[in-house]
Amino acid sequence: MTKKILVVDDEENILISLEFLLQRAGYDVAVAHDGDEALAQAERFAPDLILLDVMMPKKDGYEVCRLLRQDPRHEACKIVLLTAKGRDIDRAKGLAQGADDYLTKPFSTKELLEHVERLLAPGTV
Amino acid sequence: MPSAEGVFSWQPLPAWLAAIVAFGYLSLLFAVAYRADRQARLGRSLTDAGWVYALSIAVYCTAWTYFGSVGRAASGGLWFLPIYLGPTLVMLLAPVLVRRMVRVSKEWRITSVSDFIATRYGRAAGLGRFVSLFVFVGVVPYVALQLKAIAFAFDVLTGVPEAAAAGWWSDRSLWVAVVLVIFAALFGTRHLDVTERHEGLVAAIAFESVVKLAAFLLLGAWVTFVVFPGPGAIVEAAQARFGTAIAPLDAVDGLHYGDWAVMILLSGLAFLLLPRQFQVMVVENVRVGHVDRAAWQFPAYLLLINLFVLPVALAGRLFFADVSLDPDTYVLALPLAQGQSLLALLVFLGGISAATSMVIVESVAVATMVCNDWVAPWWVRRRQVAELGHAEIAGTLLWVRRVVIAAVLACGYGYYRLTGESFALVSIGLISFAAVAQLAPAALGGLFWAGGSRTGAAAGIALGVLVWSYTLMLPSLAKSGWFEAHWIETGPWGMVWLQPERLFGVEGMAPLTASVVWSLGLNTLVYVLFSLVFPPRGAQAQGARRFVRVESSAGAGGVWRGRVGVPAVAQVMARFLGEDRTRELLLGYARERGLAAVEALEVDAAFVRFAETMLAGAIGGAAARLVLETLLEEATPSFDDVMHVLDEANQIRTYSRMLEEKSRALEKATRRLQEANEKLTELDRLKDEFISAVTHELRTPLTSIRALAEILADDPDLPREDRLRFYRIIVRECERLTRLVNQVLDLAKLESGHGEWQPEALEMRDLVQEAIETIVPLAQEKQVRLEVSIEPGLPAVWADRDRVVQVILNLLNNALKFVPAGAGIITIRVGRQAAGEVAVQVADNGPGIPPEFMPHVFDRFRQATGGLAKPPGTGLGLAICKRIVEHLGGRIWVESLPGEGARFTFTVPIAERLEPGNEGGGHDDEENPSGR
């Protein structure tokens, strides 16, 4: 069964590149431009994994992450935070909000795909 | 005055025998004194014993006591008693009163009663001089009285009236006086320093006290138990003969109980303050502890010596009832009449001893007083004294004392010869008592009350002496027939209320009582009042407090500024005290202060006080002060020194003021540092944020570029369409990066103030046109309408051309981003704003700025999205605009309501307002380095 991935970022060009990349890797991909849209899409699309940008207008990535984790329907959903801030404190903050992984921009496509594959592999909690 | 001879005859003793016995006795006295002095030099003090001290105090019992008591008892009954009750009561208080006097006197090295008063009132030299003069005058009659008693005793013993003697050279009392001068000079002026007591003198006095007591007791016992079967028999016989044994108290001369009280008070005060009493009780005291034992030993002595007064008096009256015999002669007449020559001789010796002991001590005490109060202060100031050594100074001063001793006796003798028979023994003694009592308020008040002042003491004593002279001395002299006496009865110039013996018309008191009440009462009142009105101040008050509390002289020093060193002071001390003694004293003083050697001492106030006290013991307080002042005045009170001290004080004040200022400045600096630190911390935080923001802005396009580049690289078979799309994105993102880097650098340049500015007078119209020309293609692309209105006749602005164009372009680009495509309208207006400013306004019809974002419009990396997706742009444009406008000396602001577009306005000062050459508001660089 095709895994579903939601990509959230306020940068159109990033959405374009990630959507293309993930679709080519065989995933079902949806995109969102901000926090509110991300929550709505998560509801509708029920992704197995979300690539979530931290610095976004309206709700930021941390808050979206926290709200998703409060909802039992998204319990199994993996969340990978994407951020342009590379400091340890940001990583720790993200993990504290319930994120499963964390990638610092700019990342290589290979690195991203490896992370996604590992998280979506069966048996991975 | 009745006398013995002729009326009642007995077998007189030969004159030569009396003379031999008398002079033999005096020789014995020399031997005793000599031995005691030698023992003292060998370190075995004979006088360091409580009973010797008590016996020496018995110098109080003079010939007056010896012959007079019986006389008074014979005529006045118990009236002889009060002059012994006073001292007895005083001695009961000795542990408090006398002990204190002794301790204070030792502490201050006080040499006499006048020195005591002068020292207490701040080394008041004048007061001391007055007191010693007054005491001298008051004591001379008393000395005369003793000489008279000696002559009288000779007369009675030998039956030859003195008056009948061939010439003054055959007057035995004169020769006795001469011997006494020699004795007093020999044993009473051995040392200059008061702390080296006159052991021989004291031993001789104690010996004399034993002799007079023994003689009187023997006589009394003989009269009571040999002549009569016992005291009871005498009283019975007297009652049988006279109807009453002794005269009732109020039956004699109208005596009242008040007279008793006054007499007790008077004798008590005299006992404390008579020069000879002060000498033996205070000055010659070896140990303070002796006072406590004397407190009962001396009253016991008084009890013993008075034990047989009444029996002897009654026996005398019974025995000589039929003859007119002076009762004062009873003690000698009784044994003579019974043929007891040996006993008579013994009694005679007792009388001699009573008289001589008084004369010796009194003259020594007065000599010390006069020498220290009158001669020494005058003499030590003379320059030539400064060249003399210890031996010469001590020798001279001791000779002065010897001369004064001789003078006292000469005066006494002269007085006695002049007044002859005119004075009763008793009245002379009491006049002296009343005189000395005038010192009591100042002396005793000063001992317990620190508030007593010099003014009070001087006024009190002066008034007391005046009243005493007027109410007691003058009437007494008048009665002796020295001058016309009727005014004593009528008052001077007929003013009855000024009658000396009934002052202010107060009746009913005996003349003596009245005089004492008035003189002592007024004296005390004036002393207290004047002390309250003119309280002691400064050094006098300080001294008074130390005096009253018996604080140690080695107390806190205080400041002494002087160039005189310890050696100089020590040299002066040595001149009066001797080398060895001085070294000893200085070493003791140094040890007391915890210093190992004299060399470690410093001349401070405490040291000067110490030196003064030590010198006071030798030459009296007043002279000691003068000596030290003479020494120190070269150092201290010179004008230069005072100015120097003032200078220093001024300097210290200046320093302190400077310190205060410094401290204030430091506080201010600290505050400013704190502020600066806070500012720096804030700047640091802002810088961190800026870097973080820049990083974020750099990473975001990099992310797209890298992802797309990797996609392109991984898949060469990508459809051309996608490939081209991706390439375009990559190029755009690279442009974005370039723009960002440029703007960051631009901003950094603006903020650091290193930007290149080329201000000049410019027409704003040209600048706006230039900017619009640049933006027109973009506007056309987005189908945005540009509306331009420029006010005509605007003055030139003073600005940098490129920078102003940059600002206008930024604003136009910004507006272009937000206006709706196809329906966008951007309005540009140029006109005058406030005086001296030209304003440029750029308005759009975009979504406007949300109110919560308004404060952050000009912040870096803050971009309002206006509900759209993230607008293109670095987020630095408006921040740069703000920096540029502010640098040019203008202002920039924005007005907006959501949904109604935004209206940015900036101003630039006109060229006239700013001096050409002034870099157009360049000051802002410094004041606003952060570029906020």
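How many residue pairs are in polar contact between chain B and chain A, with both at pLDDT 80 or more? The count is 5 residue pairs, a polar contact being a pair of N or O atoms within 3.5 Å; within protein, one must be able to donate a hydrogen and the other to accept it, and residues adjacent in sequence count only if both atoms are side-chain atoms.

The views below show a predicted model, in which local features need pLDDT of at least 70, side-chain atom pairs count only at pLDDT 80 or more, and totals for chains, interfaces and linings use all residues. Residues are numbered from 1 along each chain as its sequence is written, chains are lettered from A and ligands numbered from 1 in the order in which they are written, and side-chain values use heavy atoms, with hydrogens and water left out.

**View 1. Chain B meets chain A through 25 residues of chain B and 22 residues of chain A.** Contact here means heavy atoms within 4.5 Å. The size of an interface is often given as the accessible area lost when the parts come together. Chain B and chain A bury about 2,100 Å² between them, and 61% of this lies on carbon and sulfur atoms; buried area is the accessible area (1.4 Å probe) that two parts lose on being put together, summed over both. B:H696, B:R699 and B:T703 supply 27% of the area that chain B buries against chain A, more than any other three residues.

**View 2. A salt bridge links B:D715 to A:R24.** The closest N and O atoms of this pair are 2.1 Å apart. A salt bridge is a side-chain nitrogen of Lys or Arg within 4 Å of a carboxyl oxygen of Asp or Glu, and the count between chain B and chain A is 2. Helix 28 (639-714) and helix 29 (720-752) of chain B each supply at least two residues of the side of chain B that touches chain A. Helices (H or I, at least four residues) and strands (E, at least two) are DSSP runs, numbered from the N terminus. Helix 28 of chain B gives the most to this side, with 14 residues.

**View 3. In chain A, 5 strands form an open sheet with parallel pairing, in the order 2-1-3-4-5.** Two strands pair if DSSP finds at least two bridges between them. Strand 2 (28-32) and strand 5 (101-104) of chain A are at the edges and have a single partner strand each, so one side of each is left without a neighbour in the sheet. Strand 1 (residues 4-8) and strand 3 (residues 49-53) of chain A pair over 4 bridges; in one of these strands, strand 3, A:L51 is the bridge partner of A:V7. Helix 1 (residues 12-24) of chain A packs on the sheet, and its direction makes about 170° with that of strand 2 of chain A. Axes are lines fitted to C-alpha atoms, for helices over the stretch in contact, and angles run from 0 to 180 degrees between N-to-C directions.

**View 4. The open sheet of chain B has 5 strands in the order 2-4-5-7-6, with mixed pairing.** Its edge strands are strand 2 (785-790) and strand 6 (892-896) of chain B. Strand 4 (residues 825-832) and strand 5 (residues 837-844) of chain B pair in the antiparallel sense over 7 bridges. Helix 31 (residues 801-818) of chain B lies across strand 4, strand 5 and strand 7 (902-909), and runs at about 175° to strand 7 of chain B.

**View 5. A cis peptide bond joins A:K105 and A:P106.** Its omega is about -10°. A:P106 lies in the loop between strand 5 and helix 5 (109-120) of chain A.
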